[in-house]
Amino acid sequence: MKVAVKGVLTEYLEQKKLRKTHERFAILDAIYSQNQHFTIRELGLWLEENRFPVSIATLYNAINLFMQLKLVECHKLHTTTVYEASYGNGNIIRQICRVCGKEQELKAMRIFNVLDEIRLHRFRREETAIFIYGTCSNCQARITRMKNKNKKKKI
């Protein structure tokens, strides 16, 4: 996986005549070494702990480039923004709670079957990612309890 991801980045940088910096490749390697969501701050700390400190500006620039190349996906949650490695995820449907960040992959092959039937004009679909954002039942119950608690205080 890492080799393919580095190949995508290398090809893009060569096509655009951009520099192939050690920082870009170190950040990409750090992202694909973790199998979890991360914040920019967490990524910076991870790189620092592994003796490769980079500036916050370099992190944001690299992440923006990786998102453009579809190597990284961004999720805006209730209190923060998290990122994840996304290359090779294939066809996925995921529900993500904006409050706690909990996510669950859904098995909905009928949706992909419908997508396969859609006739695209001069376009070849390679993968599909559908993210459904909302509030999970645990967070919803907690929110309801807090509202009820606040109502009782007012009375």
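How many cavities of 30 Å³ or more does a search of the whole structure find? The search finds one. Before I go through it, a word on the model. This is a predicted model, in which local features need pLDDT of at least 70, side-chain atom pairs count only at pLDDT 80 or more, and totals for chains, interfaces and linings use all residues. Residues are numbered from 1 along each chain as its sequence is written, and side-chain values use heavy atoms, with hydrogens and water left out.

Working on a 1 Å grid over the protein atoms alone, a cavity is a set of points where a 1.4 Å probe fits but cannot get out. A pocket is an open set with protein on both sides within 12 Å along at least five of seven lines, and a lining residue has an atom within 4 Å of a point. Points are joined across faces, edges and corners, and the volume is the space filled by probe spheres set on them.

The largest cavity holds about 30 Å³ of space. Its lining consists of Lys2, Val5, Lys6, Leu28, Asp29 and Tyr32. Helix H1 (2-15) and helix H2 (22-33) are the elements that give two or more residues to that lining. Helices here are DSSP runs of H or I with at least four residues, strands are runs of E with at least two, and both are numbered from the N terminus. By class, the cavity lining has three nonpolar, no polar and three charged residues. For these classes, Ala, Val, Leu, Ile, Met, Phe, Trp, Tyr, Cys and Pro are nonpolar, Asp, Glu, Lys and Arg are charged, and the others, Gly among them, are polar.

Next, the pockets. The largest pocket has about 360 Å³ of space. Of its 16 lining residues, Lys70, Ser86, Tyr87, Gly88 and Glu127 lie nearest the centre. That lining divides into six nonpolar, five polar and five charged residues.

The second largest pocket has about 200 Å³. It is lined by 13 residues, with Tyr32, Gln34, Asn35, Ala85 and Asn89 nearest its centre. H2 and strand S2 (81-85) each give two or more residues to this lining. Its classes are five nonpolar, six polar and two charged. Tyr32 also lines the largest cavity.

On to the loops. Thr39 sits in the loop between H2 and H3. Thr39 is buried, because its relative accessibility is 17%, where buried means under 20%, exposed over 50%, and partly exposed in between, with a 1.4 Å probe and protein chains only.

Two residues other than glycine have positive phi. Arg51, in the loop between helix H3 (40-49) and helix H4 (56-68), has phi near 60°. Arg51 is exposed, since its relative accessible area is 76%. Arg122 has phi of about 55° and lies in the loop between H5 and S5. Arg122 is exposed too, at 77% relative accessibility.

That H5-S5 loop, between helix H5 (109-117) and strand S5 (129-134), also holds Leu120. Leu120 is partly exposed, with a relative accessible area of 39%.

Last question: which residues make the nonpolar surface patch of about 390 Å²? They are Val114, Ile118, Leu120 and Phe123. Patch residues have over 30% relative accessible area and no salt bridge; like charges are joined within 9 Å, and nonpolar side chains (Val, Leu, Ile, Met, Phe, Trp, Tyr) within 5 Å. A salt bridge is a side-chain nitrogen of Lys or Arg within 4 Å of a carboxyl oxygen of Asp or Glu. Areas come from the Shrake-Rupley method with a 1.4 Å probe, and for residues only the protein chains shown count as cover.
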